[in-house]
2 protein chains.
Amino acid sequence: MKNYSIARSRRLRSTPYTSRIEKQGVTAYTSYNHMLLPAAFGSLEDSYHHLKESVQVWDVAGERQVEISGKDSGKLVQLMTCRDLSKSKIGRCYYCPIIDDKAGLINDPVILKLAEERWWISIADSDVILFAKGLAIGNKFDVKIFEPNVDILAVQGPKSFKLMEKIFGKKITEMKFFGFDYFEFFGAKHLIARSGWSKQGGYEIYVENTKSGLALYDKLFEVGKEFNVKPGCPNLIERIESGLLSYGNDIDNDDNPLECGLDKYVNLDTNINFLGKEKLKEVREKGIIRRLKGVKIETKEIIVTQSIKIFDQKNVEIGELRSGVYSPHFEKVIGIAMIRKPYWDNSQSFKIQLNGKSFDGKVCDLPFI
Amino acid sequence: MKNYSIARSRRLRSTPYTSRIEKQGVTAYTSYNHMLLPAAFGSLEDSYHHLKESVQVWDVAGERQVEISGKDSGKLVQLMTCRDLSKSKIGRCYYCPIIDDKAGLINDPVILKLAEERWWISIADSDVILFAKGLAIGNKFDVKIFEPNVDILAVQGPKSFKLMEKIFGKKITEMKFFGFDYFEFFGAKHLIARSGWSKQGGYEIYVENTKSGLALYDKLFEVGKEFNVKPGCPNLIERIESGLLSYGNDIDNDDNPLECGLDKYVNLDTNINFLGKEKLKEVREKGIIRRLKGVKIETKEIIVTQSIKIFDQKNVEIGELRSGVYSPHFEKVIGIAMIRKPYWDNSQSFKIQLNGKSFDGKVCDLPFI
């Protein structure tokens, strides 16, 4: 497929790290919350292998924060998610499907509880701030909602722990998964969470002080030399193999969380009040009629630019492919697809048309590895 | 500036016309409402001259619709905009600033009144649907809100009238600016408005029937040969010269409509109920402290990827440049900037740093031409 340039403007704005990654060889961008998100540094496959072996620094400033504070902040945050946050603790991250009154997914952020009445919603690519504002205004909630100046740097890969320890000391390696704490660097305190959009381990640094953040960016590359650190970005191969869902790609407002395998983040049997609760109870009672699954396709190449229909051997439409990539591990294309009942059993075979040619595929579990 | 590729995925999805424009030579994209929006077909300047002389067909499917219908639809739509819609008529388009309770701009769509209880909000680049849903849920409004399957084709340029007349007959040339009506083509009725994001005249075709829309796309190029029709897209030079504001570039949630020169769409002295009304009354009483203005800069080249600060001769920061482009008409860079009081008078001179060099500029009125 031919390459097309991305047009630059303030509407699709640069991050504090953009000038650095451009010196370091970024080759492609996507947009994420109206910001540039690096999508490739040369070969996707080289970057995939490197991520699984070493350590990478990612400019993921596009993962914006929605800050909600004030007396009714807990009530508003809970209203937006089907996950029970009544026992949530300060200093912890929570992966939370955000849904509307029809139980359709609005986003799937990680929510950080900063204080009893102060939260950050670390969002995927949709304007959650507008949903929060609308709900707060309509409900006359006593809250303050804004997008703080936070530009996340992710440090991902098996050697991220050693690299971060060299800069921040032993304490950072003792942090549990989805915990966060504050660490000093170059005159500023940074909120650092043990999290990130890969399954290779690592951290996300919520940079509020840009000057210190840029110094930290450079320090990570200086100290990281011995670990073969490289610039990187969320890797399509790694994230699909790991079954990390992407809002807008694999899941969207037409899907409910039960169809997307997010059952463990759906707490219907509690007293908490959230949008779409009755609708989800209905869905649970009747049973879902489609389900997000993995697929394997017998080909070496794919670029998904929109949903692609999937048919069984009798030409019955059984679902749609939403993401896909060639996996060096499986030596074929793997993807994430929404599959209709009763075709979602593993090993269900199907056909899919790509560039005018038909290929065979099979349904399987998520994650792949 | 080096070119970077745009990464493709379902999250930044293709339009029904993407495969056509790729055959026709699109060279750059931007994202708009999570969709690909063409940003260039080769030279921006060639396309600018062509748009002002002939006729172009634009894939502006990224201009999505938020459909709001039901008993409380009028109440909800009015709540979101500071423009008085109490006398709005079916069959008309209305340019409406959408603002929040702090009077901060959320979007600046064109709103189409389809029926007494059915509206389309034809949006700029932010998820207005989430704001509308939040407000509707919070206020317990009886409305239905969704994104219909509408992919706009714009036909723009002075020869658009002749081209459209050849396909749809005399009636289409009799439509007034910002009026809309329904026109039959290839077995489907299309809503067509006399509107579009240029000042060169033309139409926007709200394609709901994709098959008919694609046939119409081809027909426009077939019939358009005699008018030298070409594929195009919103043109940065033309839109800045014409003073067409771009949400996310020139205006955003930190601005109120009075600062942005949108006074004639702000109706504070009526009985209508909308968000931010009290706040705007306060702003009007105190007077604004900054204002969106045109600027001219003595240089030949610029790429704006984020706000750029503007200083007066004494190095006082007097504002920020938000959009800019080289104008062949003025033979210098022109741009749109937010300028602080009392520096907003025409002919105020300033300095701006671009790529490490300082350039002189002057404040002027919008639009330029």
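**A walk through a predicted two-chain model**

In strand 21 (residues 349–354) of chain B, Lys351(B) is the bridge partner of Phe311(B), where strands are DSSP runs of E with at least two residues, helices are runs of H or I with at least four residues, and both are numbered from the N terminus. Strand 18 of chain B and strand 21 of chain B pair in the antiparallel sense over 2 bridges, two strands being called paired if DSSP finds at least two bridges between them. The model is a predicted one, in which local features need pLDDT of at least 70 and side-chain atom pairs count only at pLDDT 80 or more, while totals for chains, interfaces and linings use all residues. Residues are numbered from 1 along each chain as its sequence is written, and chains are lettered from A and ligands numbered from 1 in the order in which they are written.

The pair of strands described above belongs to a barrel of chain B, in which 6 strands close up in the order 17-20-19-18-21-22 with antiparallel pairing. From one strand to the next, the twist averages 40 degrees, with axes taken as lines fitted to C-alpha atoms, for helices over the stretch in contact, and with angles running from 0 to 180 degrees between N-to-C directions. On another side of strand 18 (residues 308–311) of chain B comes strand 19 (residues 317–327) of chain B, joined to strand 18 by 4 bridges and running antiparallel; here Ile308(B) stands opposite Leu321(B). The hairpin of these two strands has 5 residues between the strands, and Asn315(B) takes a positive phi near 70 degrees in it. Strand 17 (residues 290–297) and strand 22 (residues 357–364) of chain B are also antiparallel, with 4 bridges joining them, and Ile297(B) has Gly361(B) as its bridge partner.

Why does Met338(B) count as buried? Met338(B), which has its place in strand 20 (residues 332–340) of chain B, counts as buried because it has 23 C-beta neighbours inside 10 Å; a residue is buried if 20 or more other C-beta atoms lie within 10 Å of its own, exposed if 12 or fewer, and partly exposed in between, with C-beta atoms placed from the backbone. Not counting residues up to four places away in sequence, Met338(B) touches Arg290(B), Leu292(B), Gly319(B), Glu320(B) and Arg322(B), a contact meaning that the C-beta atoms of two residues, placed from the backbone, lie within 7 Å. Tyr326(B) is 12 residues from Met338(B) in sequence, and their C-alpha atoms are 19 Å apart in space.

We now turn to chain A. Its domain assignment gives domain 1 (18–63 + 150–240), domain 2 (67–134 + 256–287) and domain 3 (289–369), with bounds that come from an automatic or database domain assignment. The centres of domain 1 and domain 2 of chain A, taken over C-alpha atoms, are separated by 26 Å, and 9 residues of domain 1 are in contact with 8 residues of domain 2.

Chain A also contains an open sheet of 6 strands with mixed pairing, in the order 13-14-15-12-4-16. Its edge strands, each pairing on one side only, are strand 13 (180–185) and strand 16 (230–232) of chain A. Within this sheet, 4 bridges join strand 4 (residues 56–59) of chain A to strand 12 (residues 151–156) of chain A, and the two run antiparallel; Trp58(A) has Ala154(A) as its bridge partner in strand 12. Helix 2 (residues 44–53) of chain A lies across strand 4, strand 12 and strand 16 of chain A, and runs at about 115 degrees to strand 16. Helix 6 (residues 210–223) of chain A lies across several strands, including strand 4 and strand 12, and runs at about 15 degrees to strand 12 of chain A.

Finally, we look at how the chains meet. The contact takes 47 residues from chain A and 47 residues from chain B, and helix 4 of chain A gives the most to its chain's side, with 9 residues. Strand 1 of chain A runs parallel to strand 2 (residues 28–32) of chain B, with 2 bridges joining them, and Ser5(A) has Ala28(B) as its bridge partner.

In soluble globular proteins, nonpolar side chains tend to be buried together. The largest nonpolar core has 216 residues, of which Ala132(A), Val155(A), Ala132(B) and Val155(B) touch the most other members; such a core is a set of buried Ala, Val, Leu, Ile, Met, Phe, Trp, Tyr and Cys residues joined through C-beta atoms within 7 Å.
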